[in-house]
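Here is a short report on one protein chain. It takes the whole fold, then a handful of residues.

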Amino acid sequence: MKLHCQTFHANNQGTWLVWLHGLLGRGDDWLPLVNVFDQYASLLVDLPGHGHSADITLTGGFTEMSELLSATLSEHQIENYCLIGYSLGGRIAMYQATQGHHKGLKGLLVEGGNPGLCSQKERDVRLQHDRHWAQRFRQEPVASVLTDWYQQPVFADLTLAQRERLIQRRSQNSGKNIADMLENTSLGVQPCLLPDLQQMTIPFSYLCGENDHKFQSIARQYTLPLNIIPQVGHNAHYGNPAAFSAAVNHFLSFFG
């Protein structure tokens, strides 16, 4: 089984950019940025339960997700690539870079992704939290759940207009599909990736919005290679695409 993808500028030689969206998103979320990096070939991935991969149900957690991503890269004959992931996509990218089949991986760029919880107690609490949201996504209209979803502290910087646009756009998702993915990729089932991340030798950058204090704190606590995007919160590529693009461009200069 392969994930649905879109390719752009596929005739370009060299390293591919593989873009992984967050929960409730889709590959299209990255389109404004892909056009900025037209000197690179890009692969925009729809994660299981999302976009045109909506009919793919993940049941085997991060291990299966990593295998799906590897199979998708192989299908597109991508041998050298950089992973760029936001939130859930960032967590998947970190897992792939440390636990998965990552031959050919040239760089890792994560935007607001959690590298993992250190204690079993923390993971148990988070899994219970995510199961609560999953139950709501299965039982209630998606739009009404999203109204509360985007009131969570991590989204506090969103304006009313931004929040309403996201609710409208994300309401196209299937609540059941989102619930399945949320449970299977919960932080409660994700291993702590910090030891492996700290030993990686490939270029690695951890991007955070200036107002995303939670993830800045995580980056500083574990000495991750933090790069701050000004004037935005958790969804930095959405809130300040120009600054985000500049940060990505600087990162890509390390390996061409």
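Buried means under 20% relative accessible area, exposed means over 50%, and partly exposed lies in between, with a 1.4 Å probe and protein chains only. L23 has a relative accessible area of 18%, so L23 is buried.

This is a predicted model: local features need pLDDT of at least 70, side-chain atom pairs count only at pLDDT 80 or more, and totals for chains, interfaces and linings use all residues. Residues are numbered from 1 along each chain as its sequence is written, and side-chain values use heavy atoms, with hydrogens and water left out.

**Overall fold**

The protein has eleven helices and seven strands. Both are DSSP runs numbered from the N terminus: helices are H or I with at least four residues, strands are E with at least two. The C-alpha trace spans about 45 × 40 × 40 Å along its principal axes.

The radius of gyration is 17 Å; a compact globule of 256 residues would have one near 18 Å, so the protein agrees with that rule. The radius is taken over C-alpha atoms, and the rule is 2.2 Å times the number of residues to the power 0.38.

Buried residues make up 55% of the 256 residues. Contact means heavy atoms within 4.5 Å. Of the contacts with a separation of 6 or more, 71% join residues 24 or more positions apart.

The protein exposes about 11,300 Å², and carbon and sulfur atoms supply 48% of that area. Accessible areas come from the Shrake-Rupley method with a 1.4 Å probe; for residues, only the protein chains shown count as cover.

The charges come to 18 positive and 22 negative, and their mean positions are 3 Å apart. Lys and Arg count as positive, Asp and Glu as negative; His and the chain ends are not counted. Each charge is placed at NZ of Lys, CZ of Arg, CG of Asp or CD of Glu.

**The loop between strand 2 and helix 1**

L23 sits in the loop between strand 2 and helix 1. Beyond its neighbours within four places in sequence, L23 contacts H50, L88, W149, I178, M181 and L182. L24 is in the loop between strand 2 (16-20) and helix 1 (31-34). L24 is buried because its relative accessibility is 2%.

**Positive phi**

Most residues other than glycine have a negative phi. L24 is not a glycine, yet its phi is positive, at about 80°. H9 also has a positive phi, near 55°. H9 lies in the loop between strand 1 (5-8) and strand 2. At 29% relative accessibility, H9 is partly exposed.

**Two polar side chains**

S42 belongs to strand 3. S42 is buried because its relative accessibility is 0%. Its side chain makes a polar contact with the side chain of W19 at 3.0 Å. A polar contact is a pair of N or O atoms within 3.5 Å; within protein, one must be able to donate a hydrogen and the other to accept it, and residues adjacent in sequence count only if both atoms are side-chain atoms. Leaving out residues up to four places away, S42 touches Q6, T7, F8, W16, L17, W19 and V34.

T185 is in the loop between helix 7 (175-184) and helix 8 (194-198). T185 has 1% relative accessibility, so T185 counts as buried. The T185 side chain reaches the backbone oxygen of M181 at 2.6 Å. Outside four places in sequence, T185 touches L58, F62, L88 and R91.

**Pairs apart in sequence**

G188 is in the loop between helix 7 and helix 8. Its relative accessible area is 12%, so G188 is buried. Past four places in sequence, G188 contacts R123, R126 and L127.

H52 lies in the loop between strand 3 (41-45) and helix 2 (61-75). H52 is exposed because its relative accessibility is 53%. With neighbours within four places left aside, H52 contacts H4, R26 and D46.

How many residues and how many Å separate L23 and G89? The table gives the values for this pair.

| Pair | Apart in sequence | C-alpha to C-alpha |
|---|---|---|
| L23 and G89 | 66 residues | 7.6 Å |
| G188 and Q128 | 60 residues | 8.1 Å |
| H52 and G27 | 25 residues | 9.1 Å |
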